[in-house]
Amino acid sequence: MLSAAPTLKIGPYAVDPAVVLAPMAGITNVAFRQLCREFGSPTSLYVCEMITARAIVERDSKTMEMITFGADEHPRSLQLYGVDPTSMREATKLIVGEDRADHIDMNFGCPVPKVTRKGGGAALPYKRQLFRQIVRAAVRAAEPAGVPVTVKFRIGIDDEHLTYLDAGRIAEDEGAQAVALHARTAAQRYSGQADWTAIARLKEVVSSVPVLGNGDIFSAQDALDMVARTGCDGVVVGRGCLGRPWLFGELQAAFRGEPVPAGPSLGRVAEILGRHGRLLAAHLGEEKGLRDLRKHMAWYLKGFPVGAELRRSLAMVSTLTELDDLLGGLDPDAPFPQDAEGPRGRQGSPAKVVLPEGWLDDPEDAMTPSAEDVHSGG
């Protein structure tokens, strides 16, 4: 059992409880973040989808639309991805100069081939000097505005190319206000088990700024266990909250030593789904918003007794009226099922990481890899 809840401060912001919603492409838009905040604490951190630095600099219209925050969302957390110190510096200057975010998180953890093949995401920390230059560029550009910069990374590219301890030291050295470790290699993607012992090891190496743990938090108990086993200063939750935004309420209760609420009935899940649909419609328009909601249906309904035909209809929903009608067909009294516990979201299989040619030849090579994508998102 956790003896005391972790206290977390990132720059001027007290993060209470010490819980962070991980950015997920196509998921953590303003609607989903608001839903998570309604269940959890307004003073936890809820990070927007990953934004490409070059897309910010070039003011790509889709990207600028993605940097949308709620009127009462504070602090506003934005995650930046880049492979070039210059574009990272310019993007950060624009963000802080136009007061578009209160906190910048840097992504060096993405294992997706379209990112790693350009030397980005989880591939980049292998190039120690380039990694240092990119972190330095963002921190220095954000400093005058008092905007804290944090850095998220993985254990390494694969078991033969571990980078997390060097990445932690470098980020701390260059002024990052916290580091977060997804305790898998890029080659693992989301498969297998996260190695929480790596979080404990990073905590031993990085001593002056908070260390956050990420990987395999699917319940409030998982979060308590991670903190107890690793000594980390807070937890980052990604796939565990897919179709389960109420997890943030459970995490808040657990960290505050209160009873963790029971999982919702199917009737309550229907209410939450309706709320999610309306938030998406307000953000994206009804047609686009309901189309976006479809991907969440299987996660929300996991384990519940819902017929195949009704599931299919919900996965094709196109209007709010239709959504309400279909949700009315669910059994409101069905209790939260045991089958809904545990891992959710993509897991996939381990795979060889796609890297630029010759990427592993010289870890000290600081040359910027090929140009970044000009579009953000998944």
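**Exercise 1. List the buried residues of helix 10 and find what covers them.**

Solution. Start with the list: in helix 10, Leu-247, Phe-248, Gly-249, Glu-250, Leu-251, Gln-252, Ala-253, Ala-254 and Phe-255 are buried, that is, under 20% relative accessible area, where exposed is over 50% and partly exposed lies in between (1.4 Å probe, protein chains only). Helix 10 spans residues 247-255, and nine of its nine residues are buried. Helices here are DSSP runs (H or I, at least four residues), as are strands (E, at least two), numbered from the N terminus. Next, look at the cover, which includes strand 3 (19-21), helix 1 (30-39), strand 4 (45-52), helix 9 (220-230) and strand 11 (234-237); contact means heavy atoms within 4.5 Å. Finally, step past the helix: Gly-257 follows, with a positive phi near 75°.

A note before going on: this is a predicted model, in which local features need pLDDT of at least 70 and side-chain atom pairs count only at pLDDT 80 or more, while totals for chains, interfaces and linings use all residues. Residues are numbered from 1 along each chain as its sequence is written, and side-chain values use heavy atoms, with hydrogens and water left out.

**Exercise 2. Describe the largest nonpolar core and the surroundings of Val-235.**

Solution. A nonpolar core is a set of buried Ala, Val, Leu, Ile, Met, Phe, Trp, Tyr and Cys residues joined through side-chain atoms within 4.5 Å. The largest one holds 86 residues, and Leu-80 and Val-235 have the most contacts inside it. Helix 6 (residues 128-142) gives the most to this core, seven residues. A second, separate core of 29 residues includes Ile-272, Tyr-300, Leu-314 and Val-317. Now turn to Val-235: beyond its neighbours within four places in sequence, its contacts are Ala-18, Val-19, Val-20, Gly-213, Ile-217, Ala-223, Met-226, Val-227 and Phe-255.
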